[in-house]
Amino acid sequence: PSPNIETDFRASVNLRNETAQLEHFLLQVGNNNQIEMNAVVARVKTNPIFQTVLSSANIDLSEITNIIKPLKIIPAIDLQGKFGVQDLKVIGELSNNQLKTVEIPSGVISLNNVALSYPELEANVENFSANVDLSNIRLENLIPQSTKANINFKLTSAKFKNFRAENLNQSLELIATQPGLTNNEAIFKTSLKSAEMNHPEFGILKTDFSADGSAKGNFAKGNFESLKFQFASGPLEKLTLKGKVLDFGKKSFRLSQFSKINLNQVKSFLPEAIWKKIGFSKLDGSVKETLKVEGNLNEEFFPQKTNASLDIQVDKVDVTVPNASINNLNLKTALKVSLTNDQKVTIAPITLDLNLDKALVPDLAIVGPIKTKSIIKVGKSIPITGDYGMVPLTYEANFGLESAELLNPNASLSDLKLTTNVKADLYPKEQNARNISIDGMIN
């Protein structure tokens, strides 16, 4: 049966004042779907101006779906919830039959308590809500001049075959205040309490995540005066990114990144089958990484003059596997690289510091504490294209072992100190090395 449709409206036209007015318009479809609006147009004959106000639109998604189903233009789904529009105002002006200005000073669009069931795809969504709050939107000759929008949505749960997500929250605020949207600011925040996937081989894979960030600048021209981003998921306690980019990096860019991984949280986010396959019975400690890069790109977005540094720090790591264990492992390494305008790479001395309290191989040996310090030096700038030629390389290492005890057969060693200096001329294109020299000292 066709749905019940009712309308009620009042309209007037004033020829002398060249105005037309829709004072009231009400449309009702079925029992729970209603649209109410009004509009006015002035200067009808010459350069009209208009104002339309959608006072309210309330749509029952379940009822509308049932009305449309007999037409067979949508898949077999069960849809619940409400769609609404409140106080959406549109003001505009035409000039020579062309749209001159359009403004949306206010308006709210929303979805509430939406539930979806799609058996064919094994999809199910529960309690999805979204809200879009619009204000201060203005276009002149279809060119954006300003805008402000707040977008929020949340989801209680969603299931798609072997995937499930729970408690998703998202917010986005966009503000543009100058003609041509040359001064913009975007702020976002999102979080997901749980995401699970049932893998046919490994079982349940699960994680959570949260992220937030902001950007300021002229987005269309690639000028980001400020970039901030922060992310966390499972063992990844923190990932932050900050920087500045001008002309999509062709003028300049400067970025810094920091991340921290908590190794003691890895187990809770890995399926038991994978954890057993790896063989860890204990894993504690943290891994930190800091990356900094600055420079500029050419017209093909390839790095021109660039400086980069990478620092990695491994702190207080304890590892136990069936046939070995390591206690209190600490490692620090630093790498600095520069790319010059003539497309040559200069590598600063690479440092590596490593120490641990004890390493144990049951029924075989106990070793530690151990302290090592290594430096690798590359003796020339290396072109990134063409013949590398000869590359002089130096490796310096200091190794200290406080004690080592063999359990079968019984033997021991203490206070071992080893100094090594290795030099060689590498020929990368020929894949060989010449003039190799090794100096060392053992105490």
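S95 has Q98 as its bridge partner in β6. This pairing belongs to a predicted model, in which β5 and strand β6 (residues 98–118) run antiparallel to each other over 14 bridges. The points below begin with these strands and then move to other parts of the chain.

**Strand pairing**

- β5 and β6 form a hairpin with 2 residues between them.
- In the turn of this hairpin, N96 has a positive phi of about 55°.
- Strand β5 (residues 78–95) also pairs with strand β4 (residues 49–60), in the antiparallel sense and over 11 bridges.
- Within β5, G92 is the bridge partner of F50.

**Nonpolar cores**

- The largest nonpolar core consists of 13 residues, and L263, V266, L283 and V317 have the most contacts inside it.
- Two or more residues of this core come from each of β16 (303–321), β17 and β24 (391–407).
- β16 gives the largest share of the core, 3 residues.
- Beyond four places in sequence, L283 touches L263, N264, V266, W275, D318 and V319.
- Another core, of 8 residues, lies apart from the largest one; L54, A57, I104 and A149 are among its members.
- In soluble globular proteins, nonpolar side chains tend to be buried together.

**Salt bridges**

- The structure holds 13 salt bridges, of which the following are examples.
- R138 and E103 form a salt bridge in which the closest N and O atoms are 2.5 Å apart.
- This pair links distant parts of the chain, with R138 in strand β7 (residues 123–140) and E103 in strand β6, 35 residues apart.
- R138 is partly exposed, with a relative accessible area of 24%, and E103 is likewise partly exposed, with a value of 30%.
- A network of salt bridges links E103, R138 and E140.
- K288 and D315 meet through their side chains in a salt bridge, at 3.8 Å from N to O.
- This second pair also links distant parts of the chain: K288 belongs to strand β15 (residues 282–297) and D315 to strand β16, 27 residues apart.
- K288 is partly exposed, with a relative accessible area of 27%, whereas D315 counts as buried because its relative accessibility is 15%, under the 20% cut-off.
- R434 and E430 form a salt bridge as well, with the closest N and O atoms 2.6 Å apart.
- R434 counts as partly exposed at 37% relative accessibility, and E430 counts as partly exposed at 47%.

- N330 is placed in strand β17 (residues 324–339).
- Is N330 buried or exposed? N330 is buried, because its relative accessible area is 17% and the cut-off for buried residues is under 20%.
- The side chain of N330 reaches the backbone nitrogen of K316 at 2.9 Å.
- Leaving aside neighbours within four places in sequence, N330 is in contact with V314, D315, K316, D353, L354 and N355.
- One of these contacts, D315, is also the salt-bridge partner of K288.

Technical notes: Residues numbered from 1 in each chain as written. Predicted model: local features only at pLDDT ≥ 70, side-chain atom pairs only at ≥ 80, totals over all residues. Heavy atoms only, no water. Helix = DSSP H or I, 4+ residues; strand = E, 2+ residues; numbered from the N terminus. Buried < 20%, exposed > 50% of the residue type's maximum accessible area, 1.4 Å probe, protein only. Polar contact = N/O pair within 3.5 Å; in protein donor to acceptor, adjacent residues only side chain to side chain. Contact = heavy atoms within 4.5 Å. Pairing = 2+ DSSP bridges. Core = buried A, V, L, I, M, F, W, Y, C linked by side-chain atoms within 4.5 Å. Salt bridge = Lys/Arg side-chain N within 4 Å of Asp/Glu carboxyl O.
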